[in-house]
Amino acid sequence: MSDTVDLKYIRAFVQIARSGSLTRAARDTNIAKATLSHNLRRLEDALEVELLTRSSRGLVLTDAGRAYLENCNRIFESCEIAESAAQRAHNTVSGKVRIAASAEFGTSILGAASLYLAQAHSGLSFEVNMYTSQKLLTDQLDFDCMIFVGSAPDSSHLCRKMGTVSYGLYTSPAFRREFGTPRGFDDIEELNGTTYMRGGIEELWTLMCGDHEVVCRYRPRFRVQDYWMAKYYAISGVSVAYLPDFFVHYEVEMGGLVPLMPEWRSPEMAVWVIYPARRHKNPRVKLLVDTLCEKFDQFMVHPGYSLLPQVLVDARKV
């Protein structure tokens, strides 16, 4: 049977399976849909099994297809390791790294990390995909490494703890001037706030000071599914937001945001880099994982962008 299975047929199957549809696979690979479909049919005919079936969600792997994909991944990963081994002989690391992260904070962490590595290694390219936290917990994603905030998911993947983050209350200087500096949680209850909705459930503003823990109440003026939007409202001077320290460090440093009751912080949450066990020998993946862990504090504090000066000027005038 091996004489009848061309490597390009196997590669077409892997590309379609990873993309979930012929249209996306054609767009990602710049190969015509008809060619990909033809190669898939040739492979299924040669194996005499159905690898993919259509559903309302697109193309879905059959049991045979899932088993075949796992072994195909090993083939191409072995090729990548061999390629990287040859590159190491010339002291270079190149190729594509596929990264997954939560949409909440992925930009902040991965923007700085990928920029740092891109500048240090001209041969590296990056495919960065953002998902909801719920989507990250599934086994349907194909990635080289994943960034996850919170309790490490129960899976067969390898996990390395990068560091920790905590939340606090933040708003703009203009908002504080208008409504005053809160002296306690009774004052916070009278202020407008932005609620982050995690999977349709309101995120609680849980804060601690020493051994005391409080769930802070407020007036929910805005409900959002994106922390960037919560930060936008806070900087604009229309609400208080419950945000992680690294996510607002730059804005606080530049004067766009100020902390409220800074002695009260949320319990610390771990930040993990997660990667398939079979990928730990890949030089590109190892480089990315090591860099994320070693330079975590640097990436978290300096996200690599600057606030527009005019935004700060306007905020101070309000």
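Helices (H or I, at least four residues) and strands (E, at least two) are DSSP runs, numbered from the N terminus. The expected span of a helix is 1.5 Å times one less than its number of residues. This is a predicted model: local features need pLDDT of at least 70, side-chain atom pairs count only at pLDDT 80 or more, and totals for chains, interfaces and linings use all residues. Residues are numbered from 1 along each chain as its sequence is written, and side-chain values use heavy atoms, with hydrogens and water left out.

**Overview. The chain holds 13 helices and 15 strands.** Of its 318 residues, 46% count as buried (under 20% relative accessible area; exposed is over 50%, partly exposed in between; 1.4 Å probe, protein chains only). Contact means heavy atoms within 4.5 Å. Among contacts between residues at least 6 apart in sequence, 77% join residues at least 24 apart.

**View 1. Helix α1 covers residues 7–19.** Its 13 residues reach 18 Å from the first C-alpha to the last, close to the 18 Å expected at 1.5 Å a residue. Buried in α1 are Y9, I10, A12, F13, V14, I16, A17 and S19. An α-helix has 3.6 residues a turn, so residues three or four places apart point the same way. G20 follows α1 and has a positive phi, near 85°.

**View 2. Helix α1 meets helix α3 (residues 33–47).** Their axes come within 8 Å and cross at roughly 115°. Axes are lines fitted to C-alpha atoms, for helices over the stretch in contact, and angles run from 0 to 180 degrees between N-to-C directions. α1 and α3 are therefore roughly perpendicular to each other (65 to 115 degrees; under 35 is roughly parallel, over 145 roughly antiparallel, the rest oblique). The crossing of α1 past α3 is left-handed (near helix turned anticlockwise from the far one by less than a right angle; right-handed if clockwise). From α1, the contact uses K8, Y9, I10, A12, F13, Q15 and I16; from α3, it uses L36, N39, L40, R42 and L43. By class, this contact has 8 nonpolar, 2 polar and 2 charged residues. Ala, Val, Leu, Ile, Met, Phe, Trp, Tyr, Cys and Pro count as nonpolar, Asp, Glu, Lys and Arg as charged, and the others, Gly among them, as polar.

**View 3. Helix α9 (residues 227–235) packs with helix α10 (residues 245–254).** The angle is about 30°, with the axes 12 Å apart. That makes α9 roughly parallel to α10. α9 passes α10 in a right-handed crossing. Y227, W228, K231 and I235 of α9 meet F247, V248 and E251 of α10. The residues of this contact divide into 5 nonpolar, no polar and 2 charged. In α10, F246, F247, V248, Y250 and E251 are buried. Just after α10, G255 takes a positive phi of about 90°.

**View 4. G150 sits in the loop between β5 (145–149) and β6 (158–165).** At 11% relative accessibility, G150 counts as buried. W272 is 122 residues away along the chain, yet the two C-alpha atoms are separated by 7.9 Å. Leaving aside neighbours within four places in sequence, G150 contacts M269, A270 and W272.

**View 5. V240 lies in strand β13 (residues 240–244).** V240 counts as buried, at 2% relative accessibility. V240 and I188 are 52 residues apart in sequence and 8.8 Å apart in space, C-alpha to C-alpha. Not counting residues up to four places away in sequence, V240 touches L169, Y170, T171, F175, L191, N192, G193, T194, W205 and L260.
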